[in-house]
Amino acid sequence: MSNTTEATPSGNDYRHTLNLPKTTFDMKANLTQREPKMLAHWNEHKLYERLRHEPHPKGRWVLHDGPPYANGDIHLGHLINKVLKDIVIKYRTMQGYDAPFVLGWDCHGLPIESAVQKDLGPKMRHLPISEVRHKCRDYAQKYVKLQSESFQRLGVFGDFEHPYLTIDPLYEAGILDVLANLRQRDLVYRQRKPVHWCTSDQTALAEAELEYADRKDLSVYVKFALRFTADTWPKAWGAAPASAHLVIWTTTPWTLPANRAVAINPQHNYVCLRSSTNRDVLVVAAERAGHIATLTEPAQYAPSDPISGAAWLEHKPQYEHPLDPGRIQPVVAADYVTLDDGTGLVHTAPGHGTEDWQTGRRYGLDVYCPVLPDGRYDDSVPMFLHGQTIWQANAVVAEHLKEKGLLLFSQEFNHSYPHCWRCRKPVIFRATEQWFVRASGQSSLLQNARKFVDSVEWIPAWGKNRISGMLDTRPDWCISRQRTWGVPIPAFFDTEGNILFSTKSIRQVAEFVRRHGADAWYTHTPQAILSAETWEDQAITPDGEVLPHHRFNTQDLRKGGDILDVWFESGASHHAVLEGTHPQLGYPANMYLEGSDQHRGWFQASLLEAAGYRQEPPFKQVLTHGFVVDGQGRKMSKSLGNDIKVSDALRDFGADVLRLWVSSIDYQHDIPCSKDLLTRLGESYRKIRNTIRYLLGNLYDFDPAQHACAPEPHSVDTWMLGELSDLYAGVHDAYDRYEFHRVFRLLHDFCNVNVSAIYAKAIKDRLYCELPNAPRRRASQTVCHAILSQLVQLIAPILAFTADETWQAMRQLPGQATTTAASIHEQPFLPAPPAIAEELRAPWQLFMPLIDGALKQLDTLKRSDGLGNPLDAEVVVVIAKGHPLSEQMKFYGPEIEDVLGVGYHRFEHGDLWALQIHDVRNKYASCARSWKRRPDVGSDRQYPDLSARDAAVMRQLGAGQP
Ligand SMILES: [Zn+2]
């Protein structure tokens, strides 16, 4: 085709006789201006509501939104999560499902309470709880609104008018319904035991609220003086010495005041080590003796014969408390004592460790915890520790032991240590009275949860092992928090310490909260909440006994001050939302889709809460994605200066480019993001956009009802239809498997290679130069229309805005407006394009590699001979002798000519198939209309500057033929 700015070869101007493309679809995307207008248009026409009311031949398909924290602006992690959800939902909608999307927000909890506390400062202490809660609510609602607007701007479809909020009284009551159900099955109990405790936020924390980070601590080997007589000294260890010490190892010297036992493993062997230079005798596990000897002075230690732990325990060994020598304590058995590190003898403080606590229960040890909520010791510890914080105490304790000659060895030690998710400070184990859900070991709840795990589809599949492993090792779930901003644990205490916390009383409070909201717990009396003078029910005594019948006087009751773990709140959404605030969604959901940290968080909380009282898991599929990192794979952070704000990215690139970025990456792994990467995605976006524009531009005079015609079987159009049918199958398969990066790759390559580089070039001559109604032209337009109709649908779940912009442009095409839906998102997927027979595709598989080679020859000619326009070249098609295709080459010849974009083709016969390119500038004249150089240019007397085809077209145009 001629470059229209140049003069034609003959000086005659035929440009007005060509069918040049026309479209109003801009080359320039201008997404930042265009997208908000599209959003306004969607809202004005109530697109989301219309989608709900259209027929849904496939039924309902619900993706249940995991609630983000209503705290701060959205970041790239939120963006990825919501865009992935939206791609799934838009795809399911176009498949013919009713896929409503109700967004949720987590509005209670420590992050918001801490932020409000920071705002209020010291005056918070003087405010009534109800006022603090009021401020927390305002804070949460402000961020719900902000985040909601950001999600809408990203093109996410959902019921933004009616989100679910965990501060909605209906939701709050739903949480208590779940709690009552668990209580009914005896799955909730109260106990004094060590829990993860943040001394800064002064509350218990659950496993899901911990973050592990390296921390430097003091590692100490401490000697505990063994109490023995000649009779209790094991014979295997030789003659009884004057004194002997047990050696224990700990990285938390601050827990030594709370020591109540030393645990050994009955299966291991123990020896005493005698020094050659002093009278020190140390007792350690036989396998650890070599290690212990290296820690001490050059003194040589000789081990005695070993004795098994079991045999030693028969002597009932005892020792003196290292900080309180008057206190005599036992050596006990515990099978968790290993020989991997330490000494084989384990310091046991039942108030400060889960295993210690379990051992303590077995041996009736005191659950002693001298640490106050703020991390300071109470006055029950030795004088020298009074009022110290435990963090100060590590060094003080070590120094004291050293003075007493009880410190064998100490050193700084780096280890991975749990920190509070909120304040990032190290957490401790601290024994307190807390509420627990029986969610460990052989509890019925956990057994059911394991069955659930098996029946759910985990995407990617390793999610199943991950969550199974977590369930296998998880402790009971500590659900109480000593904070203000949450749903109260509805326990009442009478003056004797008996607790009213029964299924019936919880249900009563749930009803109260449903009517008045959880705030009312803080402003109403127990009498008003229970709406009774007396209450006959089960009671839990201060010792944990259950009295089946007890008469509570509601006037004498005091409300408990604890609130529920915020994970218990969000974990109740399968009931509180799917059957509560939004019953149209229904239980269970088809899919939960969150970051892979939710195996530990929301997925697990939801699974456990449902497993407590149901036979069906809350979800059928669980999809997880990774986290955003920068272009070099580092975590994004303000301090590294590599973080990208969503608002900046939207301003610079537009939502569709960000959505394309989300789709382009295999989200199972880390998800890289950088300005460069987004710029590259912007280029990919433009290629797709230009393809759309090209297709639209060549359909301006095409009405499918009038003009559609089947392409010739040997034509490049047929080849293109084969590729389109592959694209359809590949993209739908990838969407079905949620492999959006494959969708992206297929669409990107299709636009770039199949359409732009091959097909668009091949059909240029026939589209522009043939008569408007020429069957060859109409056939190519038919194919262009098929491509565009499919492409606009296949991109729609990802490029939500651009697809609808395309759709609006398509509706301007002849004969389209009345036959199509108002928005692409309302148009169900077209059926698959008809497959193309293998015998029609095979020849192209032969030709395409030859065409590649011929294009290289054109390139060479351009560089060596300055052959700028391929139309100045011809192709010689060398037909392999006796090949079955030889007969059909008269059909394929012109197609190969057009795919190469050269002016002419001719045939030769040879041994092998080949395409040869020749410069024909000195051989043939150039047609002034099509610019093809051909032998027949000048053969027409009326149009001596045209080829025979163009002369014929001109004559027919002159005769008024369309
Ligand atoms: Zn904290």
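Q: Does Cys-420 count as buried or exposed?
A: The model is a predicted one, and the values here are computed from it. A residue counts as buried under 20% relative accessible area. Cys-420 has a relative accessibility of 0%, and therefore it counts as buried.

Q: Which protein residues are the donors of the zinc ion?
A: The donor atoms lie 2.1 to 2.3 Å from the zinc ion. Along the chain, the donors follow the spacing C-x2-D-x218-C-x2-C. The donors are Cys-198 (SG), Asp-201 (OD), Cys-420 (SG) and Cys-423 (SG).

Q: What arrangement do the 4 donor atoms make around the zinc ion?
A: Four donors count as tetrahedral if all angles lie between 85 and 135 degrees. The angles subtended by the 4 donor atoms around the zinc ion are 102 to 119 degrees. The arrangement is therefore tetrahedral.

Q: How does Cys-423 count at 22% relative accessibility: what is its class?
A: Buried means under 20% relative accessible area and exposed means over 50%, with partly exposed in between. Cys-423 has a relative accessibility of 22%, so it counts as partly exposed.

Q: Which strand gives the most residues to the lining of the second largest pocket?
A: The second largest pocket has a volume of about 1,100 Å³. Of the 31 residues that line it, the closest to its centre are Thr-251, Thr-252, Val-346, Glu-355 and Asp-356. At least two lining residues come from each of strand 7 (245-250), strand 15 (345-348), helix 9 (354-363), strand 16 (407-420) and strand 17 (428-437). With 5 residues, the element that gives the most is strand 16.

Q: How many residues of the lining of the second largest pocket are charged?
A: The lining divides into three classes.

Q: Between which domains does the largest cavity lie?
A: The largest cavity holds about 80 Å³ of space. Helix 4 (110-120), strand 5 (203-205) and strand 26 (563-564) each supply at least two residues of its lining, which divides into 5 nonpolar, 2 polar and 5 charged residues. Because both domains give residues to this lining, the cavity lies between domain 2 (54-168 + 569-602 + 613-661) and domain 3 (176-203 + 431-443 + 466-566).

Q: How many nonpolar residues are in the lining of the second largest cavity?
A: About 50 Å³ of space lies in the second largest cavity. Its lining includes Trp-233, Trp-237 and Trp-312. By class, there are 2 polar and 2 charged residues, and the nonpolar residues number 7.

Q: Why is helix 20 largely enclosed by the rest of the structure?
A: Helix 20 spans residues 655-664. Among its buried residues are Asp-656, Arg-659 and Trp-661.

Q: How far apart in space are Glu-496 and Leu-557, C-alpha to C-alpha?
A: Glu-496 lies in the loop between strand 21 (492-493) and strand 22 (499-500). With a relative accessible area of 59%, Glu-496 is exposed. In sequence, Glu-496 and Leu-557 are 61 residues apart, while in space their C-alpha atoms are separated by 9.9 Å.

Conventions:
Residues numbered from 1 in each chain as written. Predicted model: local features only at pLDDT ≥ 70, side-chain atom pairs only at ≥ 80, totals over all residues. Heavy atoms only, no water. Helix = DSSP H or I, 4+ residues; strand = E, 2+ residues; numbered from the N terminus. Buried < 20%, exposed > 50% of the residue type's maximum accessible area, 1.4 Å probe, protein only. 1 Å grid on protein atoms, 1.4 Å probe; cavity = no way out; pocket = protein on both sides within 12 Å on 5 of 7 lines; lining within 4 Å. Points joined across faces, edges and corners; volume = space filled by probe spheres on them. Nonpolar A, V, L, I, M, F, W, Y, C, P; charged D, E, K, R; others polar. Donors = N, O, S within 2.8 Å, 3.2 Å for Na, K, Ca; no water. Tetrahedral: all angles 85-135°; square planar, octahedral: opposite > 155°, others 65-115°. Domains from an automatic or database assignment.
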